[in-house]
Number of protein chains: 2
Amino acid sequence: MQDFEFYNPVRVFFGKDQISKIIPYIEPGTRIMLLYGGGSIFKNGVRDKITEVLKDFTVTEFGGVEPNPSYETCMKAVGVIKAENIGFILAAGGGSVIDAAKFIAAAALYRGADPWDILAEKVPVTAALPLASVLTLPATGSEMNKNAVISRKSTGEKLAFASQYTFPRFSVLLPEAAATLPQRQVANGVVDAFVHVLEQYLTYPVNAPLQDRQAEAVLLTLVEEGPKAYANPADYDAMANLMWSATMALNGLLSCGVPGDWSVHSIGHELTAFHGIDHARTLAIVQPGLWKALFEEKKEKLIQYGKRIWNITEGSDDEKADAAIRRTVDFFESLGIRTRLSDYNAGPETIDKIVARFESRNWLEMGDRGLTTPGVVRKALELQL
Amino acid sequence: MQDFEFYNPVRVFFGKDQISKIIPYIEPGTRIMLLYGGGSIFKNGVRDKITEVLKDFTVTEFGGVEPNPSYETCMKAVGVIKAENIGFILAAGGGSVIDAAKFIAAAALYRGADPWDILAEKVPVTAALPLASVLTLPATGSEMNKNAVISRKSTGEKLAFASQYTFPRFSVLLPEAAATLPQRQVANGVVDAFVHVLEQYLTYPVNAPLQDRQAEAVLLTLVEEGPKAYANPADYDAMANLMWSATMALNGLLSCGVPGDWSVHSIGHELTAFHGIDHARTLAIVQPGLWKALFEEKKEKLIQYGKRIWNITEGSDDEKADAAIRRTVDFFESLGIRTRLSDYNAGPETIDKIVARFESRNWLEMGDRGLTTPGVVRKALELQL
């Protein structure tokens, strides 16, 4: 096991009728921004419940946060926060809204010239407004971590940041509110959580058996419960199990003491930036390609993954590892998620552009052991044409 | 899955050379009490390292905390804290020292007449001094939770409390410092952690597959790594895996959304109070007896446990559940831990005294579903004579 530091102060309220529990965690008299996305919180009852619980506070609603939250929209929210002296951001919805809340919270107190530097120049965040979330969509894990990914429409960039100041103070996890989700979003959530685990698990052995089994616990639960929630988002038990799995997939525990990869995400972000493909779908495209491109380097963990998740015990080592990749692709496809670039009208030109971007960034150390070179990126994507 | 709230703000530093990382987390100028037990920190180098790191602070050393930390010793420490205006407690050692630090931290700021009421009368803690830990012995999980168990020598009582104010601010987990532990203490740690998991796992099914698998992840790792650490405490990898397993066994995650039992601990505490038997050994005695006494009620989870931890797949349901109990006893005995009352010179008179104590407390709601009545306590202990 490698040395590690772990810290996660997010308070989680999980289940039914949880929103009323938030009151002790917001200072009386604070002006609150209720941040949301496309308006689903008006349909699933969450907005009305929040409004009722916060009736003694001044609440400013700010909607329209996009599925890939944009810098441009976030900066509009920062303007409102400064104009109205808002002191607390409550994000209601899925991971995009929560990610936006984190960036807005940091940008509102940023002292430099341009908050974009937090993302592009990795300027450390030294303060942020308090924020919290009411989660209605299991997927990103943003509700219980300090990370956010923000896109800039004007340049087609999609970049991440993290700060100890952007942990949500609390997150209310509401499986019931996910009952009315479109199946497409449930499928995206299952795959997003699944690949979050793989990025922390499928690297190389470091004698960390507990972390491996914790990762496998999430994967197995997603394999079992994900399809049930996809088939019927109103199946409370399945949605609850999916939601808690997605949170546990990226709250920092699985990465304790083990190497990470994260190059599937880095490559996937470029596919979203260039083609607008849903984040989870980019992961479903890139993950099998990357495994095939790094087959020898990933083989040992692929065999373990195949055995423990898919019960693959027959054949040579190569056959077992290959079967593990195929079963993963079958799983994604069973949720209606296609895994080829051609399924999304992307082709060789897109690969050229993405590889050029990685080359221009001198991103030599991407992936576990720095394995994901621009050449590997090309190979991984060409295998998924 | 049941509704739940989860909150755990403990910052963990895990691995080698971690002690120097604590400085940013103690306010400059604070007077610190370094709390320890029998003096092992003088032999394993931890005391010298702490003293070096804290050279700019005024540090008062307070040793002699017992394996079952006593109210009497804790109150002496409270006297020193008040006399010397100490503002931070750093516990170095195992769970007993950390438990003592929690009670001392709360008692030092207690406003009522007698801090014993925190334990005996369940008076809520409303403030506590900040505390932290340097862990040298994997076992109790106290390093990453808010719980403490304190004994009163004068009355032979052993009682627990928990407060949001008694989470350690940070805990440094040092597998290397456990290299010089006696084998007996390593065995105790493995069994303590194992039963912590069982108390949260082996109840009845509530459709919480992720929590079940997370619990099983810890159990499987303890079964694999515990014997290696027991055989050779200087095996760093095995001790590291054991230490992280023991922490994860009781940091609150495994109990999210599932029922708990905890009657093995409640009964075990009485065995320690009456006979001075090591805490872990009391658990090893009581656990199999309680399973046999509640065989029908626990059967469904016993079968799952037997299959997933001990690979028991043959026989009738009764045979499978029975085999799961036997394999557990064999595991404890393989670590040199005996599981019969007679192994510890305890007999029917002890059972009478323990049952009388539970009857006098009207503890009708002990155990999952309130199953552990005084009659069940008698049966469980008689089966282990």
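Which residue in strand 1 of chain B is the bridge partner of A:F13? The partner is B:E5. The model described here is predicted.

## Strands that pair across the chains

Strand 2 of chain A pairs with strand 1 (residues 4-6) of chain B in the antiparallel sense, over three bridges. The bridge between A:F13 and B:E5 belongs to this pairing.

Strand 1 of chain A is joined to strand 2 (residues 11-14) of chain B by three bridges, and these two strands also run antiparallel. Here A:E5 has B:F13 as its bridge partner in strand 2 of chain B.

## Strand 2 within chain A

Strand 2 of chain A also pairs with a strand of chain A itself, namely strand 9 (residues 170-173). This pairing is parallel and has four bridges. In it, A:F14 has A:L173 of strand 9 as its bridge partner.

The two faces of strand 2 of chain A are both covered. A:R11 and A:F13 are buried on one side, and A:V12 and A:F14 are buried on the other.

## The contact between chains A and B

Chain A gives 32 residues to the contact and chain B gives 32 residues. On the side of chain A, the elements that supply two or more residues are strand 1 (4-6), strand 2 (11-14), helix 7 (209-231) and helix 8 (236-249). Helix 7 of chain A gives the most, with 10 residues. Sorted by class, the side of chain A that touches chain B has 16 nonpolar, eight polar and eight charged residues.

## Helix 7 against helix 7

Two packed helices are described by the angle between their axes and the distance between the axes. For helix 7 of chain A and helix 7 (residues 209-231) of chain B, the angle is about 150° and the axes are 9 Å apart. Angles over 145 degrees count as roughly antiparallel, so helix 7 of chain A and helix 7 of chain B are roughly antiparallel to each other. Their crossing is right-handed.

Residues that make this contact include A:P209, A:L210, A:R213 and A:Q214 of chain A, and B:P209, B:L210, B:R213 and B:Q214 of chain B. By class, the contact between the two helices has 10 nonpolar, four polar and six charged residues.

A:I303 is found in helix 11 (residues 295-310) of chain A. A residue is buried if 20 or more other C-beta atoms lie within 10 Å of its own; A:I303 has 20 and is therefore buried.

Leaving aside neighbours within four places in sequence, A:I303 is in contact with A:D317, A:K320 and A:A321. A:I303 and A:L202 are 101 residues apart in sequence, and their C-alpha atoms are 10.0 Å apart in space.

Terms used: Residues are numbered from 1 along each chain as its sequence is written. Chains are lettered from A and ligands numbered from 1 in the order in which they are written. This is a predicted model: local features need pLDDT of at least 70, side-chain atom pairs count only at pLDDT 80 or more; totals for chains, interfaces and linings use all residues. Two residues are in contact if their C-beta atoms, placed from the backbone, lie within 7 Å. Ala, Val, Leu, Ile, Met, Phe, Trp, Tyr, Cys and Pro count as nonpolar, Asp, Glu, Lys and Arg as charged, and the others, Gly among them, as polar. Two strands pair if DSSP finds at least two bridges between them. Axes are lines fitted to C-alpha atoms, for helices over the stretch in contact, and angles run from 0 to 180 degrees between N-to-C directions. Angles under 35 degrees count as roughly parallel, over 145 as roughly antiparallel, 65 to 115 as roughly perpendicular and the rest as oblique. A crossing is left-handed if the near helix is turned anticlockwise from the far one by less than a right angle, and right-handed if clockwise. A residue is buried if 20 or more other C-beta atoms lie within 10 Å of its own, exposed if 12 or fewer, and partly exposed in between; C-beta atoms are placed from the backbone.
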